[in-house]
Amino acid sequence: MGAPPKKGFKDQKMDRVVTLFGGGGFVGRYVAQALYKTGARVRIAQRNPRSAFFLKPLGALGQTQFIAADVRDPDQVAEAVNGAYAVVNLVGVLKGDFQGLHVTGADNVAQAAAAAGASSLVQISAIGADPESPSRYGSSKGEGEQAVRAAFPNGTIMRPSTVFGREDNFINRFAGMARLLPVLPVIRGKAKFQPVYAADVGRAITAAALDPVQHGGKTYELGGPEVISMRELNERILRATGHDRMLLDIPDPVARLLARGFGWLPGAPITWDQWLMLQKDSIVSEGASGLRAFGISPTPMQAVTEGWLTSYRRHGRFAAKSPY
């Protein structure tokens, strides 16, 4: 008898386990769906795995595993990465335990991935990540990058701008305010973003996780095809949802006072740390490698937002469509 046939590239990928820390979150679900298409087995690791069960029917039978893991617990992290070909850390918060989740957690994941012999590690950071950043979010993300580079030098770091998608808490938040408020306040109206579609980010992360030879040791900045200001974003949302609202630019001194004095309250429009983040534009650096390094053409916002912003119109999907 001859030798058994060699496995093809897709067959090899079907044998791979990819651990996603925070895989049930907003961006994580897009990474999981991109991985499903490659045939990889996906292990969702997060504190409450039950909240990610919605992913199971999206993959093939037996393609999804779930495990309880808090990135701040080294033992739980080690168990979650055991036997994984690739590890992706998507854990991030806009307020709360920055040190534990962004720094200690990133270090635990990188240390465990290295000890387990994982072939690749992808750390999700953010544009503006810098240990010297005045915002705790930015500085902790920067410190997390340093921890990853020290423990897993061949890891890939992804720095997206503001990520948008059907389940986001960005465009949806402003659209919800536009539906309820007669006047829409705008804080830091001149601040610039380069919104990037969550599905594009998911595809890029998947490519980096499965091809460490090509992408290992590199840092990518992920942005969409256009740069827009905070005010322009709100104008677009108003047009898309059909609401005729006045935009009220909040002067910086007033916004600063609100963030400093009341940002700690539940439901506050902006926290102090978010105010500090808005002092710097979230756009891709000149010459930085981005989505096109993965063969991905960035998706414009207007190409996809129309599909879900209908729910914010006065008559929902039965309303006359906006020319936007």
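1. Ser 120 sits in strand β5, which runs over residues 120-124. Strands here are DSSP runs of E at least two residues long, helices are runs of H or I of at least four, and both are numbered from the N terminus. Ser 120 counts as buried because its relative accessibility is 2%; the cut-offs are under 20% relative accessible area for buried, over 50% for exposed, and partly exposed in between, with a 1.4 Å probe and protein chains only. Leaving out residues up to four places away in sequence, Ser 120 touches Tyr 85, Ala 86, Val 87, Phe 152, Ala 208, Ala 209 and Pro 212. A contact means heavy atoms within 4.5 Å.

2. A word on what you're looking at. This is a predicted model in which local features need pLDDT of at least 70 and side-chain atom pairs count only at pLDDT 80 or more, while totals for chains, interfaces and linings use all residues. Residues are numbered from 1 along each chain as its sequence is written, and side-chain values use heavy atoms, with hydrogens and water left out.

3. On confidence: pLDDT is the predictor's confidence in each residue, from 0 to 100. The protein chain averages 91, and 93% of the residues score at least 70. Two stretches deserve a caution flag. Over residues 1-11 pLDDT stays under 50, and the model has 5 contacts beyond four places in sequence for them. Residues 318-324 also stay under 50, with 15 such contacts.

4. Now the sheet. Seven strands make an open sheet with parallel pairing, in the order β3-β2-β1-β4-β5-β6-β11. The edges belong to β3 (64-68) and β11; each has a single partner strand, so one side of each lacks a neighbour in the sheet. From one strand to the next, the twist averages 20 degrees. Angles run from 0 to 180 degrees between N-to-C directions, and axes are lines fitted to C-alpha atoms, for helices over the stretch in contact. Strands count as paired if DSSP finds at least two bridges between them.

5. Zooming in on one pairing, β1 (residues 17-21) and β2 (residues 41-46) run parallel over 5 bridges. Phe 21 has Ala 45 in β2 as its bridge partner. Helix α2 (residues 26-38) packs on the sheet, touching β1, β2 and β3, and its direction makes about 170 degrees with that of β1. Helix α3 (residues 74-81) packs on the sheet too, touching β1, β2, β3 and β4 (86-89), at about 150 degrees to β1.

6. Which salt bridges would I look at? A search of the whole structure finds 11 of them, each being a side-chain nitrogen of Lys or Arg within 4 Å of a carboxyl oxygen of Asp or Glu. One joins Asp 70 to Arg 72, with the closest N and O atoms 3.1 Å apart. Asp 70 is buried, at 17% relative accessible area, whereas Arg 72 is partly exposed at 31%. Asp 97 joins Asp 70 and Arg 72 in a network of salt bridges.

7. Arg 188 and Asp 252 form another salt bridge, with 2.9 Å between the closest N and O atoms. This pair links distant parts of the chain, 64 residues apart: Arg 188 is in the loop between β8 (183-187) and β9 (192-193), and Asp 252 is in helix α10 (residues 252-262). Asp 252 is partly exposed, with a relative accessible area of 33%.

8. Arg 236 pairs with Glu 226 in a salt bridge, the closest N and O atoms being 2.8 Å apart. Arg 236 is in helix α9 (residues 230-241) and Glu 226 in the loop between β11 (219-222) and β12 (228-229), 10 residues apart. Arg 236 counts as buried at 9% relative accessibility; Glu 226 is partly exposed at 23%.

9. Staying with α9: the helix has 12 residues and reaches 17 Å from its first C-alpha to its last, close to the expected 16 Å. The expected span is 1.5 Å times one less than the number of residues. Buried residues of α9 include Met 230, Leu 233, Arg 236 and Ile 237. The helix's buried residues pack against α6 (171-180), β8, β9, β12, β13 (246-250) and α12 (306-309). Just after α9, Gly 242 takes a positive phi of about 75 degrees.

10. Last, another serine. Ser 135 lies in the loop between β5 and α5 (136-151) and counts as buried at 3% relative accessibility. Not counting residues up to four places away in sequence, Ser 135 touches Asp 273, Leu 276 and Met 277.
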